[in-house]
Structures are given as structure tokens and as C-alpha cells.
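Hi,

Here is the structure I said I would pass on.

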Amino acid sequence: MLTDPIADYLTRVRNAITANHRIVEIPASNIKKEITRVLFEKGYIQNYKFETETPQGSIKIALKYNSETKESAILSLQRVSRPGLRKYVDKDNLPRVINGLGIAIISTSKGVITDKEARTLGVGGEVLCYVY
């Protein structure tokens, strides 16, 4: 049993990038599916697919690399809120990652969205992770 499935998700992606893997497979959950969707929409991953062969299912993520330098599109994944210390922000204190070059993924009442979308919608929530 995992105490922090989001940290496990981020660690699996981070390890796959370090090992230069093209595809990483992760056990699925609704929050992980939403984080994957945000990463795809913002261009950090190449593609994703939800497998439903097992009862829990899995997520297959195709990682994105630069064809010339072989560098990953994701340079860093940092978990912010964790089970022992949740980090909540209101609409006025939304974080900016590398002065707007990265994204903060936030779980809000409007769903899992980026910090920029939360600013536009005027909502706050739990800061899940930083990606850049």
C-alpha cells in the first residue's frame, strides 16, 4: 500500500526520464489521470493512454525528448503538498514556477488545473506539484 500515490507517480516519471525510457507505465487513479492530462495539454509529455486490462488499470505515458540534444521536456518534477503537510493556497497567493516558465498543478473545485488557469478562474486549492 502506498501512502502517497502522487509522489510515486512523479518518482516513476522522474526515474524513466533519468533512464532515458520512451514509455513509462503507472497504476491508474482519477487524480493521476488528471495530472497526466494536464502534462499532455501543456506539452510536457508526447502522448498517453489509459489501459483497463486490470481492475485498477494503468496509464502508459510516452515521454517527450528533444530529437537533437536528447534532453527531456520535463527538467524537474517536485511534489509540494504531501499527506503529512498539505499546502493550500487561495486565489491571491497562487505560486509562480520559475517566474511563469514552469507550471504548478493545482487541485481545485473546478478540477485539476494549472496555476495560470486557476488565476484566470479566480480559484485556489491544493498545490500538488511543480513541473518545469
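**R14 and L77**

The side chain of R14 comes to 2.9 Å from the backbone oxygen of L77, a polar contact (N or O atoms within 3.5 Å; within protein, one must be able to donate a hydrogen and the other to accept it, and residues adjacent in sequence count only if both atoms are side-chain atoms). In sequence R14 and L77 are 63 residues apart, yet their C-alpha atoms are 7.0 Å apart in space. R14 belongs to helix 1, residues 5–18; helices are DSSP runs of H or I with at least four residues, strands are runs of E with at least two, and both are numbered from the N terminus. R14 counts as partly exposed because its relative accessibility is 33% (buried is under 20% relative accessible area, exposed over 50%, partly exposed in between, with a 1.4 Å probe and protein chains only).

Before you go further: this is a predicted model, where local features need pLDDT of at least 70 and side-chain atom pairs count only at pLDDT 80 or more, while totals for chains, interfaces and linings use all residues. Residues are numbered from 1 along each chain as its sequence is written, and side-chain values use heavy atoms, with hydrogens and water left out.

**The aromatic cluster**

How many aromatic pairs does a search of the whole structure find? It turns up 2, where rings of Phe, Tyr and Trp (its six-membered ring) pair if their centres lie within 6.5 Å, and planes under 30 degrees apart are stacked, over 60 edge-to-face, the rest tilted. F40 and Y48 are edge-to-face, because their planes are at 75°, with the ring centres 5.3 Å apart. Y48 also pairs with F50, this time tilted, at 5.2 Å centre to centre and 55° between the planes. That puts F40, Y48 and F50 in one aromatic cluster. F40 is partly exposed at 34%, as is Y48 at 24%, and F50 comes out partly exposed at 36%.

There is a charge here too: K33 lies over the face of F50, 5.2 Å from the ring centre (the rule is NZ of Lys or CZ of Arg within 6 Å of the ring centre and within 35 degrees of the ring normal).

**Two positive phi values**

Most residues other than glycine have a negative phi. N20 has a positive one, near 60°; N20 sits in the loop between helix 1 and strand 1 (23–27) and is exposed at 52%. K70 has a positive phi of about 60° as well, in the loop between strand 3 (58–63) and strand 4 (77–79), and K70 is exposed with a relative accessible area of 52%.

Cheers
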